[in-house]
Amino acid sequence: MDLNLTPQELRFRDELRAWLAANVPAGWQKQYLTMTMQERFGLLLAWQKKLHAAGWTGVAWPSAYGGRGATLMEQVVFLEEVARAGAPPQANLLAVGLIGPTIISYGTEEQKQRYLAKMLNAEEIWCQGFSEPNAGSDLAALQTEARLEGDTFILNGHKVWTSYGWAADWCALLVRTDPAAPKHKGLTYFLVDMHSPGVTVRPLRQMTGESEFTEVFFENVRAPASQVLGQVNDGWNVGISTLMHERNTLGASLHVTFKRQYDRLVELAHTMQRNGRPAAADPVLRQKLAQSFVEIETFRLTQMRAISRVSAGGVPGPEGSILKILWSELNQRFQQVAAEVLGDYAQLTEGSPYAPDEGQWAYTFLRARGNTIEAGTSEIQRNIVGHFVLGLPKSY
Amino acid sequence: MHFDLSESQQLLKNTARKFWQAECPLAEARRRMEAPGACDAALWKKIAEQGWTGVLFPEEFDGLGLGMVEMAVLMEEMGRALAPVPYLATVLMAGTLLDRAGTPAQKRRWLGPICRGEARATVALLEAAASWDPDGVSLAADKSAPGFTVNGAKLFVANAEEADSLICGARIDGELALLVIDRRSKGLTVEPMPAIDLTRQLYAVKLDHVEVPAENILATGAAARQALDAMLETATAGLAAEMVGGMQRVLEISVEYAKTRKQFGKPIGQFQAVQHMCADMLLAAEGSRSAAYYAAWAIESGAPQAALAVSVAKAYAGDAYRETGNRGIQVHGGMGFTWENDVHLYYRRAKASDLLFGDSSYHREKVARLVVDHD
């Protein structure tokens, strides 16, 4: 057991840290709050292009496909440092983090040459079409279908919760190709051109008021057989690989984000008066603030253990569900603690001159509510832990 | 960065697992629990033969000179087995104080025998106010040629009955001091304090004008305080690891039961209400394990945040073990509420372990002092 970074990991970190210090756009977060969706996306796009020019996108991808060939641990250092520097996310987040690695695992050489480089330089933006109105937790029940006509598939169906659907050029789409087969065995993973005739995108407005997500409709959309990733009717296995990446690596920098918010909340706790004294001196709030620290720290450490295991030769497994439950539920509790520290001011949103931190706390309070639903509900994660980790009989 | 047991640490864990399965299965721990009394000398000798009584201490005093992570591995397995031995009191508490504060002569006299398994010991810190903060020590040791006289009482002293010596926190002219007191000293009596954990007994130690020779003073003032703080850090990290072992066992027993117990024609583990309780037990055990091993590593590597890591681990494990015991009994239904079922032994241990070295609220306040208060 050695929790220190190796000399190689330290060199990687220091080089990146220096680059970020010189390149992260100053004050972007404040501007971001008042920008339109399109302006926001433009900012993220510019940031990814800057990262790419300096060789900092797809750090874990093999160098043959334009990546940096970094170890998993270096990838984690990358995510942590980017979060620590308060840098914007990359515009093509899903492509770089999830879909690209899936193509690297399952794609033909031709597919790799065609798609991967343009993911990294953000020339082609990707979205992911998995969830449907009637297939959320029971993802394998999805009904969007692809029928083969000659050597072309005809796609019909309706996807929801598609991040960046309006900006996407391509979609990683999970569809049913064999309605007669058991539900997990009749699915196929497609790479679909979002500019094809028959694709319609509509914004989905969420409870925070923004539209991070869209609905995507496919009406007789034509996709050649060469757009299948992996084998026809093996889409479940290909799709699971994407979900595992989602649960294991996308969370790697969350503890840094939580810690940054936590440190800010502690500062506020010294200035906000609660129960006749600074919130930081109130014994009940001290207990709650300490508990949030304990939970953030325990999540960070559990994540480090999981990464060490995967790094030592494993592939991401169902343990990712443990991390997903830990971070999503602790964040909801943390946001409630923050609201108690801020008192009446906690409810003020962006646009109020009285709102602390331009209304960020009211936003994160609302946004955290989605955490235990997105990327697999807490209930489905506990089913996965119960069945795949503890070996209990499947409940459904 | 590698946050996992090394091969040799994993080997030690497997050895300890097999040792406790063979030497003291739960039925045996239960037998000893129902007939409390002196520690089983034969079992203690076997532990010493493994070298475990000297795991943390230098070889010149017959210790193994291993690290905190190895200690945590041993504690985890003892927690799993509910090992009915005074290991925490003798090795982590008394042993660490002797190691930190003793002169070479004192270490030869008291630490060597602990390492070799020839002696057992404990630490008497708490008094009527039941505070784990060393500032709370008020028992006076008065100068009286040729040494000191101690008159008063210590409470919540673990395994005092089977100890050969007690290291006692006291005040000499108002200054904190650590005294080694022979268990057989004239005027020293030990009374059980019957409590909910049946596998780790607590005692009240009455000191009626007990005379302590000057050479038994281990440390005074700042040195005594530093040794006590270091001991509490080490023992608390070890206890957190022990609690992880208990949680893991409760989880396994409960999952096994959920797979076999049938109601409505199905194993109850097929019902999501039961499955999700089991998943929550795993979350509690895994989170506690991460925090406990990190605390052990932080102490071993001299990390500046070691005290914070220890309080994080104890605050988390205290709540997590109680909740795990709670869910374990709930999964067992009526069976879980019977004396014959083993889960209540862990449920009892969970509550007692939460209190030992300060409960979750106590450690959250320590965390708050370190991360909320500005210097």
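Select helices α5 (residues 93-106) and α6 (residues 109-120) of chain A in this predicted model; helices are DSSP runs of H or I with at least four residues, strands runs of E with at least two, numbered from the N terminus. Their axes, fitted to C-alpha atoms over the stretch in contact, are 10 Å apart at an angle of about 165°. The two helices are therefore roughly antiparallel, a term for angles over 145 degrees between N-to-C directions, on a scale from 0 to 180.

Next, display the side of α5(A) with A95(A), V96(A), I99(A), G100(A), I103(A) and I104(A), which meets K112(A), Y115(A), L116(A), M119(A) and L120(A) of α6(A); contact means heavy atoms within 4.5 Å. Nine of these residues are nonpolar, one is polar and one is charged.

Residues are numbered from 1 along each chain as its sequence is written, and chains are lettered from A, ligands numbered from 1, in the order written. Local features need pLDDT of at least 70 and side-chain atom pairs 80 or more, while totals for chains, interfaces and linings use all residues; side-chain values use heavy atoms, without hydrogens and water.

Move to strand β1 (residues 126-129) of chain A, where W126(A) and Q128(A) on one face and C127(A) and G129(A) on the other are all buried (under 20% relative accessible area, 1.4 Å probe, protein chains only). Four bridges link β1(A) in parallel to β4(A), residues 170-176. Within β4(A), C171(A) is the bridge partner of C127(A).

Finally, select G63(B), in the loop between α3 (41-49) and α4 (68-81) of chain B. G63(B) is buried at 9% relative accessible area. Beyond residues up to four places away in sequence, G63(B) touches G54(B), F57(B), P58(B) and C115(B).

Methods:
Angles under 35 degrees count as roughly parallel, over 145 as roughly antiparallel, 65 to 115 as roughly perpendicular and the rest as oblique. Ala, Val, Leu, Ile, Met, Phe, Trp, Tyr, Cys and Pro count as nonpolar, Asp, Glu, Lys and Arg as charged, and the others, Gly among them, as polar. Buried means under 20% relative accessible area, exposed over 50%, partly exposed in between (1.4 Å probe, protein chains only). Two strands pair if DSSP finds at least two bridges between them.
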